[in-house]
Amino acid sequence: MKAAGRLDIRIHKPRQGYMAELDTKRVKQILNNFLSNALKHTQEGYIDITYGVTEQGIEIKVTDTGCGIPQDKLPVIFERFEKVDSFKQGVGLGLPICKSIAECMGGSIGLTSEAGVGTTVWVTLPCSTAPTPKLYKEKLIDNFYS
């Protein structure tokens, strides 16, 4: 995804690489919806993408300095067709789809937000994880270039 010149997209990841046993397509779908919302509602500042390993599996967070969500909308933000700004692109299905995916995978989803300050949306997905051995990374790189 491309961001305007006044917007920084920053990625925060663990120092150690990990392998996770998850449905890659669904994880990408969640992250894509999180990023799409952040880009729609953030004109300047930053979007932070943070992921890490927890005891239960993995956690992915997207934090932005966008317009935020009014407190009265927070209880319904994961319901279908709910939109904070009816003039923005989309139909209000992204976060409800993410919630369904997370729940089907045995995970949880949530967000914190303050109008005029920004939003953090997160998902926790249970899965098996293991640190990626250095040799494994090198082998992947070697296979990529050969």
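## Asp48 in strand β3

In this predicted model, D48 lies in strand β3, which covers residues 45-53. The relative accessibility of D48 is 11%, and D48 therefore counts as buried, since the cut-off for that class is under 20%.

Two polar contacts involve the side chain of D48. One joins the side chains of D48 and R10 at 2.5 Å, and another joins the side chains of D48 and H12 at 3.4 Å. When neighbours within four places in sequence are left aside, the residues in contact with D48 are R10, H12, K61, V62 and T63.

## Salt bridges

Side chains of opposite charge can pair when their charged atoms come close. The structure holds four salt bridges, and three of them are described here, beginning with the partner of D48. The side chains of R10 and D48 meet in a salt bridge with an N to O distance of 2.5 Å. This pair links distant parts of the chain, for R10 belongs to strand β1 and D48 to strand β3, 38 residues apart. The two partners fall into separate accessibility classes: R10 is partly exposed, with a relative accessible area of 36%, whereas D48 is buried at 11%.

A salt bridge also forms between R6 and E44, whose closest N and O atoms are 3.7 Å apart. Here too the pair links distant parts of the chain: R6 sits in the segment before β1 (7-12), while E44 sits in the loop between α1 (24-41) and β3, 38 residues apart. The relative accessible area of R6 is 56%; because exposed means over 50%, R6 is placed in the exposed class.

## A pair within helix α2

The salt bridge between K99 and E103 has its closest N and O atoms 4.0 Å apart. Both residues lie in helix α2 (residues 94-104), and they are four residues apart, about one turn of the helix. An α-helix has 3.6 residues a turn, so residues three or four places apart point the same way.

Both members of this pair are partly exposed: K99 has a relative accessibility of 31%, and E103 has a relative accessible area of 48%.

## Helix α1 and its cover

Helix α1 has 18 residues. From its first C-alpha to its last, α1 reaches 26 Å, close to the 26 Å expected at 1.5 Å a residue. At the start of α1, a side-chain oxygen of D23 comes to within 3.2 Å of the backbone nitrogen of K25.

Which residues of α1 are buried? They are V27, I30, N33, F34, L35, A38 and L39. The elements that cover these buried residues include the strands β1, β3, β4 (57-64), β5 (108-114) and β6 (118-126), together with helix α2.

## The chain as a whole

The secondary structure comes to three helices and seven strands. Read from the N terminus, the order of the elements is β-β-α-β-β-α-β-β-β-α.

The chain has 146 residues, of which 30% count as buried. Its accessible surface comes to about 9,500 Å², and carbon and sulfur atoms make up 53% of that surface. Among contacts in the chain with a separation of 6 or more, 66% are between residues 24 or more positions apart.

Methods
Residues are numbered from 1 along each chain as its sequence is written. This is a predicted model: local features need pLDDT of at least 70, side-chain atom pairs count only at pLDDT 80 or more; totals for chains, interfaces and linings use all residues. Side-chain values use heavy atoms; hydrogens and water are left out. Helices (H or I, at least four residues) and strands (E, at least two) are DSSP runs, numbered from the N terminus. Buried means under 20% relative accessible area, exposed over 50%, partly exposed in between (1.4 Å probe, protein chains only). Contact means heavy atoms within 4.5 Å. Accessible areas come from the Shrake-Rupley method with a 1.4 Å probe; for residues, only the protein chains shown count as cover. A polar contact is a pair of N or O atoms within 3.5 Å; within protein, one must be able to donate a hydrogen and the other to accept it, and residues adjacent in sequence count only if both atoms are side-chain atoms. The expected span of a helix is 1.5 Å times one less than its number of residues.
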